Amino acid sequence: MNRDQYIQLCHELWMHNKAYYVECHPKISDFEYDQLMQELLDCESTHPDWIESFSPSQRVGESLTDGFKSVSHDVPMLSLPNTYSDEEIQSFIKRVEKNAPNQKITYSLELKMDGTAISIVYEKGVLTRAVTRGNGLMGDDVTQNIRTITKLPLKLSSENPPDFLEVRGEVFLALSVFKKLNEQRDEDGLPVWANPRNAAAGSLKLLNPKEAAKRDLQIVLYAISQDSSNKIQSQYESHDYLKELGLPTLKYTAWGENEKDIWSFRDKIFALRSQLPFEIDGVVIKVDSINLQKELGSTAKIPRWAVAYKFAPEQALTQIKDIKVQVGRTGVLTPVAILEPIRVSGSVISRVTLHNQDEIDRKDIRLGDSVIIEKGGDVIPKVVQVDLKNRPKHSVPWKIPAYCPSCETKIIQLDGEVAYRCPNINCGERNYRHITFFVSKVAMDIDHMGIKVIEQLIQKKLVTSPSDIYRLTKEQILELEGFKSKSAEKLLANIEASKQVSLTRFIIALDIRYVGASTADELSNVEDIFALSKMSSDDLIQMEGIGEKVAQAIVEYFQDAHHMEEIKALLELGVNPKKSSVLKTHHFYGKTFVLTGSLMSYTRDQAQMLIKQRGGKITSSVSKKTDYVLVGESPGSKYDKAKKLGITILNEEEFANLI
């Protein structure tokens, strides 16, 4: 690896860090991430002079989240080193023995919960603070959301609790709850979470505690960071101590005297893994003596007295019985393998996406093939590889059909695209998915119009396009299964309420190719939807964040007569997309803002709205292009960066005066 490749690897890992910790939507498995991180560490070990300050190896854990107060950890929250082999565990044991000669060393053995790390403080027995890991030194104060976890006591059950107790553990979602939440998100047209861990992390960082309470979060506590009573000197005994205080603790723990005990516990947990009602991704081995833990100490990032043995992603061999082709809302054809049902990581897998023709060609996937499936912690399993030894003799390469499986229109492939598309805007399956997206929360947000309702409306030919939704009558809705007078009236009221929509969400609902929420927000600065429809590609490129590809897609969308007819129909039926009035003469007009810290006089949404109404723009990161940084209490690293770059910093009083 040369230095340029090292820099590229740093950036790649930070991209995955952001997807994992901030967006709660990882793009690769834990195993793949750990392999990349190990590659980075090996490179930095060989070339210590290459190490950059921005290297992921120089930081612990997740980024801080805007909207929460940042709090310093009295004792840093370190990350455990990950291992995947017996040899690495043996090396860990030898290092401990070398650094603690002539001492009897025993181990506390625990589950490695696949959740999000948390630190909780009790003062005189009362819960006073809960903070996420953050960057290891500072985390987000999520006390209000932690209070919604029903199994976590707000007051310790002990008659004589310690004056001060800081415990650490993991917030997680039960698999059954995770499944229900993802089913609801899918029905609402929202992207499903990749795994329970990221769902828990996203739920914990909801700005509204009432919404967090609906997620049914759970928690286990497994470590004492600070205890004024100093009663416990054994990690293994700390579990019983925490339990006596009324705190939820790990279900499976063990005490080990030697390597044999460690392997025995590991094998037991591996066998139990698929039966557990929650996700784990391995076991944790800790030196049992608290005093010895302190003696062994830690590096800037990891403790020297603990290690995590992570289970490799679970794999299974099954057969491809068929390959079906799904048509998405933009016409993209996606091949899906229908499998001989197989149990992987606690759930039965009967289908798996094959993504596109290029992916099928790369792995040479064919009908009848025996394939290795991997799920790990991810919701969506994948084909790892084909077992060529068992390939049927007369198999042939599989190809995307020449005609749409839904409407039989000849498919196309646009220049520069991997995907094949059905160009027919009246395609039944494409239209169904488009309508499902149109009513979703990110678009028109029509409550109680889920997938089952839409399926019935389309089957009965009551809805063939989004505008038909606004033509529905009570009598027609009563024809649907599960509807009575009151529920029909409620759905009609929700449809009526959706007519008052922001121009941004209306643009999202139109489902223009390449146009997501941020692009739609930028496009909503035009006078109205018709002004947008008349803009040329050159006009659009002048807007922030819009390149030639996106501009061309927007122009092509509005050049389609069917699209314009549908927009006119929606407006004639009362849909009223409104743009926020912008004060073009205001000092904020054209200025870029970044917000950090906890605001006292405004909610973050209110502050952002005030800025946008005056023509300002909001971005999430500080750069030389930033004009103002609005700071509240306990601002984070953005405040420090703004000072370093000489950017104007506003407190709330100064902000109010400028408004």
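How many bridges join strand E7 (residues 164–172) to E8? The count is 8, and the two strands run antiparallel.

## Basis of the model

This is a predicted model: local features need pLDDT of at least 70, side-chain atom pairs count only at pLDDT 80 or more, and totals for chains, interfaces and linings use all residues. Residues are numbered from 1 along each chain as its sequence is written, and side-chain values use heavy atoms, with hydrogens and water left out.

Helices (H or I, at least four residues) and strands (E, at least two) are DSSP runs, numbered from the N terminus. Two strands pair if DSSP finds at least two bridges between them.

## The four-stranded sheet

E7 and E8 belong to an open sheet of 4 strands. The order is E5-E4-E7-E8, and the pairing is antiparallel. Strand E5 (126–132) and strand E8 (218–227) are the edge strands, each pairing on one side only. From one strand to the next, the twist averages 30 degrees. Within the sheet, Val167 stands opposite Ile224 in E8. Strands of a sheet pair through backbone hydrogen bonds, either parallel or antiparallel.

Two helices lie across these strands. Helix H6 (residues 196–204) lies across strand E4 (116–123), E5 and E7. H6 runs at about 45 degrees to E4. Helix H8 (residues 235–244) lies across E7 and E8, running at about 115 degrees to E8. Contact here means heavy atoms within 4.5 Å. Axes are lines fitted to C-alpha atoms, for helices over the stretch in contact, and angles run from 0 to 180 degrees between N-to-C directions.

Strand E15 (residues 370–374) is mostly covered, with 4 of its 5 residues buried. Buried means under 20% relative accessible area, exposed over 50%, and partly exposed in between (1.4 Å probe, protein chains only).

E15 pairs with strand E12 (residues 315–327) in the antiparallel sense, over 5 bridges. E15 is also joined to strand E16 (residues 382–386) by 4 bridges, again antiparallel.

## Salt bridges

The whole structure holds 24 salt bridges. A salt bridge is a side-chain nitrogen of Lys or Arg within 4 Å of a carboxyl oxygen of Asp or Glu. Glu417 meets Arg421 in one of them, at 3.1 Å, N to O. Arg421 is buried because its relative accessible area is 9%. Glu417 also counts as buried, because its relative accessibility is 14%. Glu417 meets Arg513 as well, at 2.9 Å, N to O. That pair links distant parts of the chain, 96 residues apart. Arg513 sits in the loop between helix H17 (503–510) and helix H18 (517–523). Glu417 sits in the loop between E16 and helix H12 (428–438). Arg513 is buried, as is Glu417.

Another salt bridge joins Glu429 and Arg433, whose closest N and O atoms are 3.2 Å apart. Both residues lie in helix H12, 4 residues apart, about one turn of the helix. Glu429 is partly exposed, at 22% relative accessibility. Arg433 is partly exposed too, at 28%. Elsewhere, salt bridges that share partners join Asp364, Arg366, Asp369 and Arg391 into one network.

## Helix H21

Helix H21 (residues 548–559) has 12 residues. From its first C-alpha to its last, H21 reaches 16 Å, close to the 16 Å expected at 1.5 Å a residue. The expected span is 1.5 Å times one less than the number of residues. The buried residues of H21 are Val550, Ala551, Ala553, Ile554, Val555, Tyr557 and Phe558.

## Positive phi in two loops

Most residues other than glycine have a negative phi. Asn230 has a positive value, near 50 degrees. Asn230 lies in the loop between E8 and H8. Asn230 is exposed, with a relative accessible area of 54%.

Tyr514 also has a positive phi, about 75 degrees, although it is not a glycine. Tyr514 is found in the loop between H17 and H18. At 34% relative accessibility, Tyr514 is partly exposed.
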